[in-house]
Structure formats: C-alpha cells, structure tokens
Amino acid sequence: MNLNLFKKGFKRNIKQTPQSLIEEIERIRLNVEFSSFENKCKTLIFTSPCYKEGKTTIVTHLAAALAENGQTVLLIDTNIKKPTLHKVFKIKNTMGLTNILTGQKTFEETVNQTNIGRLKVLTAGPIPYSTEKIFKSTTLDQLLKVISSSFDYILIDSAPALEGNDTRIFASKCDGVILVVKNGKTENSLALEAKKALEIAKANLLGVILNAKPRGLLNKFF
C-alpha cells in the first residue's frame, strides 16, 4: 500500500494517485452506490483471504471518493491486531473502537474528523484481552445501530477473513461484505475458502474485487 497517496491532513493526493486507480475507484463507487440502493446496504465490510491484497488502499480511496461526492462516510478499522488506518491518515491510535466496546470511551470522544469534510475515521484502538468477545457483544450491535443513523455509508477495513474469527463475526453484523483478492497472489483455493467461511458466518457477500488486474481493478460485483 502506498501511504504517500494521502498528505498530512487526510486529503487524497490526486497528483500522486495513478489515473488507473482513480478510474477504478470511481467504478467501484458507482457499483457500491447502486448495490447499496438496490440491497439497502450502508454498512459494508472489506476483507480479503490474506494480508497484502490491497483492501486498505481500496476502501480508503473509496471512502474519500464517496465523501467527495457528497456522502457522509465513517471509515472504521477493525483489524485490531494489525491496524493500518491511523498510519494512512496520520492520526494516533491511542483511542478507538476497542475503547468504545469496552465502555471506556464514547463514539464522540474517539472518532476523528478528516480534512475531507464528510469523512470521519474511527481507529482500531488498543488490543483488548479478547477481540472475539467484544465483537460478539451487544455493545457492538448498539454502536452500529446508532452510527448507521448518522452516516450515509459505514465502511470497515477488517483483518483477513482467514485470520481468526474476528472478521467473520463482525461481517455477520454488517449489511454486506466485499471480498478483495489480488491477481497473481491470491490462490484460488484461499479465495474459495474465504468465501465459504463468510457464508458459514451468514455474512452477505455482495461482491468480489480483483486487485492488480492488468486491465483494471474491478473484476466482479454482484
């Protein structure tokens, strides 16, 4: 992931962003908006079978694109053990999602406003004793219900679907899941395993994005 695509102040650095990526993110934005309208989905979690498949780059640029297009967007980092969004947006991760779920802080105390006026970021926060326990809690259910009424879209950058149970638990609480796989890296067997794991968790798989495709990023969205 190229962290330099974002300047200090959380704005997209369009000059350093490849034109092909800008165009593909725009295509993904349109597909997300259409699918969200058709399926009444606003809380979307992005995951992948393994690490380094490009999901953080995609979801971050998508969040910025939606916000720049007039939508109110909350971007959440649920990859508690290996968080990334605080690095992308150059903000501290001393407080975040885990502080809310353990009752230490409120959403208003932890959410971060970016310089993209309609985009806010909630970092992962400190590692708790058990992420699985707090992700299964009714506190998370209540949080998602409250924030969904305040934003047009809630986009979630999660851990890989095959890395423990955290993402599968969280995905079952979201309106939809988008699976990111990387051309030339993701093994077909792992992609199918991730898809099956999400289905077993009763997650609503909306689409698959093929990253690093020679002629484009978006492969299939359904």
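Modeller: Helices (H or I, at least four residues) and strands (E, at least two) are DSSP runs, numbered from the N terminus. This is a predicted model, in which local features need pLDDT of at least 70, side-chain atom pairs count only at pLDDT 80 or more, and totals for chains, interfaces and linings use all residues. Residues are numbered from 1 along each chain as its sequence is written, and side-chain values use heavy atoms, with hydrogens and water left out.

Biologist: How many helices and strands are there in the chain?

Modeller: Both kinds of element are present, as counted by the DSSP runs just described. The chain contains nine helices and eight strands.

Biologist: What percentage of the residues of the chain counts as buried?

Modeller: Buried means under 20% relative accessible area, exposed over 50%, and partly exposed in between (1.4 Å probe, protein chains only). The chain has 222 residues, and the buried share is 54%.

Biologist: Among contacts between residues at least 6 apart in sequence, what percentage joins residues at least 24 apart?

Modeller: A contact means heavy atoms within 4.5 Å. Of the contacts between residues at least 6 apart in sequence, the share that joins residues at least 24 apart is 77%.

Biologist: Where does E33 lie relative to R29, and how many residues apart are they?

Modeller: A salt bridge is a side-chain nitrogen of Lys or Arg within 4 Å of a carboxyl oxygen of Asp or Glu. E33 and R29 form one, with the closest N and O atoms 2.9 Å apart. Both belong to helix α1, where about one helical turn separates them because they are four residues apart.

Biologist: Which residues do salt bridges that share partners join into one network?

Modeller: The structure holds seven salt bridges. Among them, R29 meets E26 at 2.4 Å, N to O, and these two residues lie three apart in helix α1 (residues 19-39). Another links E132 with K136, whose closest N and O atoms are 3.1 Å apart. The network built from shared partners consists of E26, R29 and E33.

Biologist: How are the rings of F107 and F151 arranged?

Modeller: Rings of Phe, Tyr and Trp (its six-membered ring) pair if their centres lie within 6.5 Å; planes under 30 degrees apart count as stacked, over 60 as edge-to-face and the rest as tilted. The structure holds two aromatic pairs. In the pair of F107 and F151, the ring centres are 6.4 Å apart and the planes stand at 85 degrees, so the arrangement is edge-to-face.

Biologist: How many residues apart in sequence are the parts that this pair of F107 and F151 ties together?

Modeller: F107 lies in helix α5 (residues 107-110), and F151 in the loop between α7 (138-148) and β5 (153-157). The pair therefore ties together parts whose separation in sequence, in residues, is 44.

Biologist: Which helices hold F135 and F170?

Modeller: F135 and F170 form an edge-to-face aromatic pair, 5.0 Å centre to centre, with 85 degrees between the planes. The pair ties together parts 35 residues apart in sequence, because F135 lies in α6 (residues 131-135) and F170 in α8 (residues 166-171). F135 is buried at 1% relative accessibility, and F170 is buried with a relative accessible area of 1%. The helices asked for are α6 and α8.

Biologist: Why is β5 largely enclosed by the rest of the structure?

Modeller: In a regular strand the side chains alternate between the two faces of the sheet. In β5, Y153, L155 and D157 are buried on one side, and I154 and I156 on the other. The strand is largely enclosed because its buried residues number five of the five.

Biologist: Which residue is the bridge partner of F46 in β5?

Modeller: Two strands pair if DSSP finds at least two bridges between them. Strand β2 (residues 73-77) runs parallel to β5 over five bridges, and there V73 stands opposite Y153. Strand β1 (residues 43-47) is also parallel to β5, with four bridges. The partner of F46 in β5 is D157.
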